[in-house]
Amino acid sequence: QSFDIPYLVSKILANGNSIVGFIAMDQMNSHYQSIANKLKVNLGEFIGNKHLKLIYILNDALTHYETDKMSDDIIKLISQFIVDFSTNNEDINKRILIIDNLSILYGIGCSINDILVLLAHIRTLLIDGELSSVIIHISGFSAIDKVLVNSADVLIIWEELYTGSSKDIDGFLELKLLAATEPGTRTERSRFHYKVTEKSINIFEIGS
């Protein structure tokens, strides 16, 4: 889904009591700006009032980095962004880090070890309370995605409707709660339908 993460960012920002660190690397900046405009979200305003820290990875990669060392430079750029974001002194209740899409790192040649080091650093910041929440979008196909799935507290799975087009439904949304699951017990899960509209994502019970 190319709409879900920008939509989620806009909803968190609209809530007003969080600062969001958004690492955008699934699409070019024009894509995120276009969705923000559709949702009537002024990203510049949120950046100005310090509720949003934003970095466009693909734009930086294509304009500033040499191909043969792009992966190393991008890992360093992301790591520094996370350090700066997690140690800022803004007096806001929640600090939420959102990464869209971590699978890109594996695709551009970043080593699994470098990505694991990055993830370990993020988990440490969570444990220490420097970050309130971390939301990571993955494509679900790379080797590193399996590590993320196994370490997640909550999984949100989007499935397009492959049985044919429908004017009312675009697909299925499944929530899996993993953090409270004891060994040998069933994972708590809920399954819904969703429909993407011009300015929103409608989620509703199956059969409703």
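Guide: What follows is a quick tour of this predicted model.

Visitor: How many helices and strands are there in the protein?

Guide: The protein has eight helices and eight strands. It runs to 208 residues, and 37% of them count as buried.

Visitor: And what share of the contacts comes from residues 24 or more positions apart?

Guide: The figure is 63%, taken over contacts in the protein with a separation of 6 or more.

Visitor: On to pockets. How much space lies in the largest pocket?

Guide: About 1,400 Å³. Its lining counts 42 residues.

Visitor: Which of them lie nearest the centre of the largest pocket?

Guide: Ile-136, His-137, Val-154, Leu-155 and Ile-156. 

Visitor: Which elements supply at least two residues of that lining?

Guide: Three helices are on the list: α1 (4-15), α7 (112-127) and α8 (143-151). The strands are β4 (133-137), β5 (154-160), β6 (171-177) and β8 (201-205). β5 has the largest share, with seven residues.

Visitor: How does the lining of the largest pocket divide into nonpolar, polar and charged?

Guide: There are 27 nonpolar residues, eight polar and seven charged.

Visitor: Now closed space. How many cavities of 30 Å³ or more does a search of the whole structure find?

Guide: The search finds one. The volume of the largest cavity is about 100 Å³. Its lining has 14 residues, and Pro-6, Val-9, Tyr-32, Ala-36 and Leu-43 are the closest to its centre.

Visitor: Which element gives the most to the lining of that cavity?

Guide: α1 does, with four residues. α2 (29-38) and β2 (52-56) also supply at least two each.

Visitor: What's the split by class in the cavity lining?

Guide: It has 13 nonpolar residues, one polar and no charged ones.

Visitor: Stay with α1. Which of its residues are buried?

Guide: Asp-4, Ile-5, Pro-6, Tyr-7, Val-9, Ser-10, Ile-12 and Leu-13.

Visitor: What span should α1 have, and how far apart are its end C-alpha atoms?

Guide: α1 has 12 residues, so at 1.5 Å a residue it should span 16 Å. The end C-alpha atoms are 17 Å apart, which agrees. Just after the helix, Gly-16 takes a positive phi of about 90°.

Visitor: Switching to packing. Which residues touch the most other members of the largest nonpolar core?

Guide: Ile-23, Ile-78, Leu-97, Leu-102 and Leu-105, in a core of 25 residues. β1 (18-24), α5 (70-86), β3 (94-100), α7 and α8 each supply at least two residues of this core. α5 gives the most, with seven residues.

Visitor: What does Leu-105 touch?

Guide: Leaving out residues up to four places away in sequence, Leu-105 touches Met-25, Ile-74, Ile-75, Ile-78, Cys-110, Ile-115 and Leu-118.

Visitor: Last one, α5. How many residues does it have, and how far does it reach?

Guide: α5 has 17 residues and reaches 24 Å from its first C-alpha to its last. That is close to the 24 Å expected at 1.5 Å a residue.

Visitor: And which residues are buried in α5?

Guide: Met-70, Ser-71, Asp-73, Ile-74, Ile-75, Ile-78, Phe-81, Ile-82, Phe-85 and Ser-86.

How values were computed:
Residues are numbered from 1 along each chain as its sequence is written. This is a predicted model: local features need pLDDT of at least 70, side-chain atom pairs count only at pLDDT 80 or more; totals for chains, interfaces and linings use all residues. Side-chain values use heavy atoms; hydrogens and water are left out. On a 1 Å grid over the protein atoms alone, a cavity is a set of points where a 1.4 Å probe fits but cannot get out, and a pocket is an open set with protein on both sides within 12 Å along at least five of seven lines; lining residues have an atom within 4 Å of a point. Grid points are joined across faces, edges and corners, and a volume is the space filled by probe spheres set on the points. Ala, Val, Leu, Ile, Met, Phe, Trp, Tyr, Cys and Pro count as nonpolar, Asp, Glu, Lys and Arg as charged, and the others, Gly among them, as polar. A nonpolar core is a set of buried Ala, Val, Leu, Ile, Met, Phe, Trp, Tyr and Cys residues joined through side-chain atoms within 4.5 Å. Buried means under 20% relative accessible area, exposed over 50%, partly exposed in between (1.4 Å probe, protein chains only). Contact means heavy atoms within 4.5 Å. The expected span of a helix is 1.5 Å times one less than its number of residues.
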